[in-house]
Amino acid sequence: MKLLSWTFSGVRSFPRCTEGGQKSVNLFLLYRSTYKENQILVTVRDAINQAIDEEMTRDERVYLLGEEVAQYDGAYKVSRGLWKKYGDKRIMDTPISEMGFTGIAVGSAMAGLRPICEFMTFNFAMQAIDHIINSAAKTCYMSAGLQPVPIVFRGPNGAAMGVAAQHSQCFASWYAHCPGLKVVSPWSSEDAKGLLKAAVRDDNPVVVLENELLYGVSFEMSEESQSKDFVLPIGKAKVERQGSHITLVSFSRDVGNCMDAAAVLAKEGIDCEVINLRTIRPLDVECIQTSVMKTNHLVTVEGGWPQSGVGAEICAKIMEGPAFNYLDSPVTRVTGVDIPMPYAKILEEHTMPQIKDIIFAVKKTLNV
Amino acid sequence: MCDRATFITIIIIKRGAVAGFRAVFGGREEEEGPDVESQGRTERRSDTGQGATSEKMLTNISNLLRACAHRHVSTETVVSARTYADFTTQATFEIKKCDVHKLDEAPATQVVMTRDEGLQYYRVMQLMRRMELKADQLYKQKIIRGFCHLYDGQEACAVGIEAAINPTDHLITSYRAHGYTYTRGGTVKEILAELTGRRGGIAKGKGGSMHMYCKNFYGGNGIVGAQVPLGAGVALACKYQGKNELCVCLYGDGAANQGQIFETYNMAALWKLPVIFICENNRYGMGTSVERAAASTDYYKRGEFIPGLRVDGMDVLCVREATRFAADHCRSGKGPIIMELQTYRYHGHSMSDPGISYRTREEVQEVRSKSDPISNLKDRMLSNNMASVEELKEIDVDVRKEIEDAAQFATTDPEPPLEELCNHIFSNNPEVAVRGTNPWSKLKSVS
């Protein structure tokens, strides 16, 4: 599957509406422009689909449940084709009963199965959050290790486009707060596949925060990542772009924004190092510290609200560690605006961090 | 003299010298009565039926007088002649009929109980009762802290259910879980040590009263009603894995109004999950009586499209029979079924609730005297010649000793070591660092 038209496929599948959107898509695809042997372009959606498919083939105890995952092929078509392949027993459509089906999923994990519990969005998981925290996350500890809960909770998290306040919240910091949970958030297709496979194989509750807007984006996947046993380690961040002047840390969709901002800044002679967290809990503090000790400046970027957010946690951790002495300026957080998400396009655009906000923050932090 | 004497076990007694004399000198009367106490001697039956010697008469009269001074109220006398070889090995009992919902059949009303079964049920219920009372005592001594929800009064439920399911079946319940932890395989030592927060506890002191686990027993759950979808999930795993196992999923009359339970009813029925939903209706959700909490107190009907049974939860045989019926229903692939056990708790909701602000002492006393599951089983066995008073007393003594030993262990076992503080956050995981109360406090978690 040689991809001569990869530029175009990327553009077509990426419904960006922000200013400079088209340009940014081309830009980040260009980062992967050095064509390597056996790299293919895969959408995040397909990568997730592959991960679920492979893990279900590998282990009979793995099954998927959620609303519309079976006969509808998934609300966002992530589970396309799986019901045809595996049938009713292993791909289960549930009624609209988050608290009920999440409890059922957790109970089945306690009794030996390995469920993948899909939420149509994590906004709806709020109804089931008692089961995620109290029934799943805390149980191994409360039982002194007698009762493990090998379950994956996955679904889209954070803002989409025009879906307004009740459908746009980012839950990364909520879940990352709780011991007993692991929380991952992929950006690229490799991230999505490798992290989900690792999550399924993990004997503990893992929350996988995907992003609806990334489902249609294509990324190159290495040959290694096409193997059925390709897993990414949970708890390890990835340096997506090496740099020397400043460190940008982000997760999920905003990694793309950081990469775009870095490309623009490169033209002005500012060399950014971009870190893709991949895992929110446990946070890979060493990676960030190593980078900060090299660049002396740090900007965190996230879509969620500022108070008690992921950026706030990174600031605290940096201050508590050796990297603090290497900072030439305080850490800057770029976050979503501290309001419920509005509907109108112009308002929504100005509620989420844009590339220009990242560029502005970088320059301020570097005092240029 | 003794070899020709008659071996008689005299069971005495309460009201009236007349009745007593009738017992000693008269014929045999078979009567039931709670709180019967043995006062007699055993003597071998002989053919000649020689009259009592004066020595024996004096003994009997003294026994009688002792009995008449006894406080407990009861009915008349029972005199039966027996040896251990003479005990009835099994008997048939008439039990209360269950109310049914969406069912054409009901559990049997004539049930057989063997002597061995009876002794076992008696022992386990008595042990549970004593264990809970010991927990009460330890709590008042401040050796147990936090939550402590006691199960005394409801023993017939746990014992009856366990008698009707297999050890390979599964069970999950609410926070009032000490009894079930025992019937599912925990030892009294482990349970009491968990309550006192020691390293020998069933959850190594990490869980406490509400978070006890053992094989095929999923706790002990602190969030009211959360155990219901979890139980259906266990049943889903049973069905998925095709092992013909089922899950018994218990909740109270208070939890019965939780929304997630209705979500669970829907999915369990839709997917025909092998789950027995059991509502232990002890008439009060904490301090709120059922009439004040539920628009419909027919908890066995609340599953609407799920068949239901209403069962006398104070009778261990009723519970056993109904659970057998329900288990057959599940195992035959018909899907879920609901049982409502009408039961009662003697203690308040928890140790911080005296339990008499929302109900009268008289009510509690009445249930204790008329419907106590242990007393009623005891009466059944004695009046059907299935056990002797001494035998049951021996069991009581043995139980008391077991509880004392366990309490001794639970109060002397050391607390968990601080090195264990962060362990078991994860299962099957490499060692992780855990942040302590300050940045320099670097703790470790091993799984």
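Residues are counted from 1 along each chain as its sequence is written, and chains are lettered from A in the order in which they are written. Since the model is predicted, local features need pLDDT of at least 70 and side-chain atom pairs count only at pLDDT 80 or more, while totals for chains, interfaces and linings use all residues; side-chain values use heavy atoms, with hydrogens and water left out.

**View 1. Confidence along the two chains.** Here pLDDT is the predictor's confidence in each residue, on a scale from 0 to 100. Chain A averages 92, and 90% of its residues score at least 70. Chain B averages 87, with 81% of the residues at 70 or above. Please read residues 1–52 of chain B with care: pLDDT is below 50 there, and the stretch has 114 contacts in the model beyond near neighbours in sequence, a contact being heavy atoms within 4.5 Å. Residues 69–81 of chain B also stay under 50, with 36 contacts beyond four places in sequence. In chain A, pLDDT stays under 50 over residues 1–33, for which the model has 48 contacts beyond four places in sequence. For the complex, the predictor gives an ipTM of 0.90 and a pTM of 0.86.

**View 2. The interface of chain A with chain B.** In this view, 46 residues of chain A are in contact with 36 residues of chain B. The two chains bury about 3400 Å² between them, 67% of it on carbon and sulfur atoms; buried area is the accessible area (1.4 Å probe) that two parts lose on being put together, summed over both. On the chain A side, look for A:Ile104, A:Tyr141 and A:Met142, which lose the most area to chain B and together make up 20% of what that side buries.

**View 3. Helix H5 of chain A against helix H7 of chain B.** Helices (H or I, at least four residues) and strands (E, at least two) are DSSP runs, numbered from the N terminus. Axes are lines fitted to C-alpha atoms, for helices over the stretch in contact, and angles run from 0 to 180 degrees between N-to-C directions. H5(A), residues 98–110, and H7(B), residues 227–241, pack at an angle of about 50° with their axes 6 Å apart. The two helices are therefore oblique to each other; angles under 35 degrees count as roughly parallel, over 145 as roughly antiparallel, 65 to 115 as roughly perpendicular and the rest as oblique. Among the residues making the contact are A:Gly103, A:Ile104 and A:Gly107 of H5(A) and B:Leu230, B:Gly233 and B:Val234 of H7(B). The contact residues divide into 10 nonpolar, five polar and no charged, where Ala, Val, Leu, Ile, Met, Phe, Trp, Tyr, Cys and Pro count as nonpolar, Asp, Glu, Lys and Arg as charged, and the others, Gly among them, as polar.

**View 4. Helices H3 and H12 within chain B.** The axes of H3(B), residues 115–140, and H12(B), residues 373–383, come within 10 Å and cross at roughly 155°. That makes H3(B) roughly antiparallel to H12(B). Their crossing is left-handed. The contact includes B:Tyr121, B:Tyr122 and B:Met125 of H3(B) and B:Ile374, B:Leu377 and B:Met381 of H12(B). Its residues divide into eight nonpolar, two polar and three charged.

**View 5. Two loops of chain A.** Most residues other than glycine have a negative phi, and most peptide bonds are trans. A cis peptide bond joins A:Arg281 and A:Pro282, with omega about 0°. A:Pro282 sits in the loop between strand E12 (279–281) and helix H12 (285–295) of chain A. Phi of A:Glu68, a residue other than glycine, is positive, near 65°. A:Glu68 is found in the loop between strand E2 (62–66) and helix H4 (82–86) of chain A.

How values were computed
Left-handed = near helix turned anticlockwise from the far one by under 90°.
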